[in-house]
Amino acid sequence: MAARGWLTPRRRSATARSVLAGEAAAEAARKAAGEPIDAAPAATAADADAPESEFPVAGDTRAAAFFDLDNTVMQGAAIFHFGRGLYKRKFFQRSELARFAWQQTWFRLAGVEDPDHMADVRESALSIVKGHRVSELMSIGEEIYDEYMADRIWPGTRALAQAHLDAGQKVWLVTAAPVETATIIARRLGLTGALGTVAESVDGVYTGRLVGEPLHGPAKAEAVRALAAAEGLDLARCAAYSDSHNDIPMLSLVGHPYAINPDTKLRKHARERDWRLRDYRTGRKAAKVGIPAAAGVGAIAGGTAAAVALHRRRR
């Protein structure tokens with residue numbers, strides 16, 4: 001996939017495959033959201049001199065919010081839930097489901113995205129969808145969302161996203177999950193769209209290969225950078241939310257980084273840099289100033305639901 005003309009040169013430490021993955025994700029996201037693929041308007045002096053206001057700033061169209069998906073917006077890994085749905089529809093055998101289950105178990109116990117486990121799941125997923133039509137997987141994805149994902153959305157994070165939408169800002173998911181799955185989740189949540197891993201397809205059929213690499217770590221930052229350039233966003237006005245230290249490159253791009261349900265490394269990094277924190281897994285409020293009041297209600301609801309579920313599992 002060739003890079004579009006609106007993708008601007010940049011200086012940073014990222015592999016060529018990360019850049020390709022990020023740019024492909026940004027282009028796919030804009031197409032899915034119905035955005036015109038053309039050059040973004042240049043920033044004006046008035047934009048640069050605009051005074052800072054309470055965040056998020058209502059009506060600031062040069063600001064947007066970027067949310068990681070797994071364990072930030074949704075409990076668990078989207079690709080695992082998608083795999084469960086495909087297994088139910090006999091797309092693959094029990095032994096392959098066991099591989100998905102192991103990755104999900106690791107994800108829940110460790111609370112982090114392990115690159116080796118993610119690579120294992122990625123290869124399994126690509127082999128499963130190879131030869132299937134994109135339209136078929138999109139249709140099935142809608143059903144799988146209702147079956148396995150809808151009840152796993154963190155209410156607190158959802159409230160944060162809604163605060164940006166209420167301020168008139170666009171809200172994007174940014175995830176290593178397939179862009180088709182991420183787009184379905186974004187649409188169901190009423191968000192603008194999604195940046196996700198782009199699997200190659202020819203004439204609407206998956207080839208079993210990726211465009212670039214999974215949208216993970218530095219590739220997420222590249223996707224956000226490319227989308228911001230295309231949309232004419234000021235990253236200093238934007239916000240990003242994640243649970244994982246792997247997303248520090250993305251969080252570091254924006255003026256308003258948030259650590260949501262953070263792993264140990266991200267929590268330490270966030271505290272050192274005075275980033276805002278929020279943990280919905282226990283209901284404790286670790287937020288700095290600027291978190292919308294509605295999110296506090298969501299935090300309590302999310303924490304209560306998690307506690308009840310944990311208690312039931314232990315029993």
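Residues carry numbers from 1 along each chain as its sequence is written. Because the model is predicted, local features need pLDDT of at least 70 and side-chain atom pairs count only at pLDDT 80 or more, whereas totals for chains, interfaces and linings use all residues; side-chain values use heavy atoms, with hydrogens and water left out.

The secondary structure of the protein comes to twelve helices and eight strands; these are DSSP runs numbered from the N terminus, with helices (H or I) of at least four residues and strands (E) of at least two. Of its 315 residues, 53% count as buried, where buried means under 20% relative accessible area, exposed over 50%, and partly exposed in between (1.4 Å probe, protein chains only). The protein exposes about 14300 Å², and carbon and sulfur atoms supply 53% of that area; accessible areas come from the Shrake-Rupley method with a 1.4 Å probe, and for residues only the protein chains shown count as cover. A contact means heavy atoms within 4.5 Å. Among contacts between residues at least 6 apart in sequence, 63% join residues at least 24 apart.

Strand 6 takes part in two of the pairings described here. Strand 1 and strand 6 run parallel and are joined by three bridges; two strands pair if DSSP finds at least two bridges between them. Strand 6 also pairs with strand 7 in the parallel sense, over four bridges, and A239 has H256 of strand 7 as its bridge partner. Between strand 6 and strand 7 the chain passes through helix 10 (residues 248-253), in a β-α-β crossover that is right-handed. Right-handed here means that, with the strands pointing away from the viewer, the path from the first strand over the helix to the second runs clockwise. Both faces of strand 6 are covered, with A239 and Y241 buried on one side and A240 and S242 buried on the other.

A search of the whole structure finds two aromatic pairs; rings of Phe, Tyr and Trp (its six-membered ring) pair if their centres lie within 6.5 Å, and planes under 30 degrees apart count as stacked, over 60 as edge-to-face and the rest as tilted. F67 and Y241 form a stacked pair, with 4.1 Å centre to centre and 5° between the planes. This pair links distant parts of the chain, since F67 belongs to strand 1 (residues 64-68) and Y241 to strand 6 (residues 239-242), 174 residues apart. Y241 and Y258 are stacked as well, at 4.4 Å centre to centre and 20° between the planes. Here the partners are 17 residues apart, Y241 in strand 6 and Y258 in strand 7 (residues 256-260). F67 is buried; Y241 counts as buried because its relative accessible area is 2%, and Y258 because its value is 1%.

Where does H164 lie? H164 is in helix 7 (residues 155-166), and it counts as buried because its relative accessibility is 1%. Beyond its neighbours within four places in sequence, H164 is in contact with F55, P56, A65, F67, Q169, V171, A239 and Y241.

The largest nonpolar core has 43 residues, and those with the most contacts inside it are F67, L69, L86, L173, I185 and Y241. A nonpolar core is a set of buried Ala, Val, Leu, Ile, Met, Phe, Trp, Tyr and Cys residues joined through side-chain atoms within 4.5 Å. Helix 6 (residues 134-149) gives the most to this core, with seven residues. Apart from it lies another core of 25 residues, including W172, V174, L227 and A240.

Strand 2 (residues 170-178) and strand 3 run parallel, joined by four bridges, and P178 stands opposite T197 of strand 3. Together with helix 8 (residues 179-188), these strands make a right-handed β-α-β unit. Strand 3 (residues 193-197) is largely enclosed by the rest of the structure because five of its five residues are buried.
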